[in-house]
Amino acid sequence: MNIRKNDTVKIIKGKDRGKSGRVLQVVKKDEDRLMVTVEGLNLRYKHLRPRRDREKGQRIMFPALMDATNVMLVCPKCGKATRIGFQINAEKSELTREKKQRICKKCSAVI
Ligand SMILES: [Zn+2]
């Protein structure tokens with residue numbers, strides 16, 4: 001999986017299936033396991049206890065971590081949810097500094 005921060009992704013599993021949003025956070029859990037949070041999706045409540053006597057407890061909504069395998073990248077070029085492919089750039093570009101580029105499996109655009 002090669003989802004990055006600020007990618008737009010579509011959720012393919014769970015209660016928010018079919019919705020898409022921006023990746024806020026990518027967390028590496030294990031060697032092969034990435035977790036992500038997506039803006040406004042997979043929301044959970046966090047309960048805050050009142051700290052003073054007359055203060056009420058609060059519920060705060062926040063996007064919970066989910067397994068990156070539950071989301072697909074939405075290609076900015078063709079707008080489709082896609083798997084990510086890789087290609088090796090023959091000449092190292094000064095812009096990307098990386099030889100390995102992500103490409104859309106649907107339209108082959110470099111992402
Ligand atoms: Zn595409």
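**Figure 1. Lysine 10 and its bridge partners.** Serine 20 of β2 is the bridge partner of lysine 10, and methionine 72 in β7 also stands opposite lysine 10. Strands here are DSSP runs (E, at least two residues), numbered from the N terminus. This is a predicted model, in which local features need pLDDT of at least 70 and side-chain atom pairs count only at pLDDT 80 or more, while totals for chains, interfaces and linings use all residues. Residues are numbered from 1 along each chain as its sequence is written.

Figure 2. Two strands are taken as paired if DSSP finds at least two bridges between them. β1 and β7 run antiparallel and are joined by three bridges; isoleucine 11 has valine 71 as its bridge partner in β7. With β2 (residues 20-30), β1 also pairs in the antiparallel sense, over three bridges. Threonine 8 stands opposite arginine 22 in β2.

**Figure 3. The β2-β3 hairpin.** Two residues lie between β2 and β3 in this hairpin. The two strands pair in the antiparallel sense over six bridges. Valine 26 stands opposite valine 36 in β3.

**Figure 4. The six-stranded sheet.** The strands of this open sheet follow the order β6-β3-β2-β1-β7-β8, with antiparallel pairing. β6 (66-67) and β8 (81-82) stand at the edges with a single partner strand each, so one side of each has no neighbour in the sheet. Strands of a sheet pair through backbone hydrogen bonds, either parallel or antiparallel.

**Figure 5. The largest nonpolar core.** Which residues make up the largest nonpolar core? Val9, Ile11, Val23, Val36, Val38, Leu41, Ala68, Val71, Leu73, Cys75 and Cys104 do, 11 residues in all. At least two residues of this core come from each of β1 (8-11), β3 (33-38) and β7 (71-74). A nonpolar core is a set of buried Ala, Val, Leu, Ile, Met, Phe, Trp, Tyr and Cys residues joined through C-beta atoms within 7 Å. A residue is buried if 20 or more other C-beta atoms lie within 10 Å of its own, exposed if 12 or fewer, and partly exposed in between, with C-beta atoms placed from the backbone. Buried residues make up 15% of the 111 residues in the chain.

**Figure 6. Surroundings of valine 23.** Not counting residues up to four places away in sequence, valine 23 touches Ile3, Arg4, Lys5, Asn6, Asp7, Val9, Val36 and Val38. Two residues are in contact if their C-beta atoms, placed from the backbone, lie within 7 Å.

**Figure 7. The contact between the two domains.** Domain 1 (1-74) and domain 2 (75-111) are given by the domain assignment of the chain, whose bounds come from an automatic or database assignment. Their C-alpha centres lie 25 Å apart. Six residues from domain 1 and eight residues from domain 2 take part in the contact. On the side of domain 1 that touches domain 2, β1 and β7 each supply at least two residues, and β7 gives the most, with three residues. The residues of this side divide into three nonpolar, two polar and one charged. Ala, Val, Leu, Ile, Met, Phe, Trp, Tyr, Cys and Pro count as nonpolar, Asp, Glu, Lys and Arg as charged, and the others, Gly among them, as polar.

**Figure 8. The chain as a whole.** The chain has zero helices and 10 strands. Its C-alpha trace spans about 65 × 30 × 25 Å along the principal axes.

Notes:
Helices (H or I, at least four residues) and strands (E, at least two) are DSSP runs, numbered from the N terminus.
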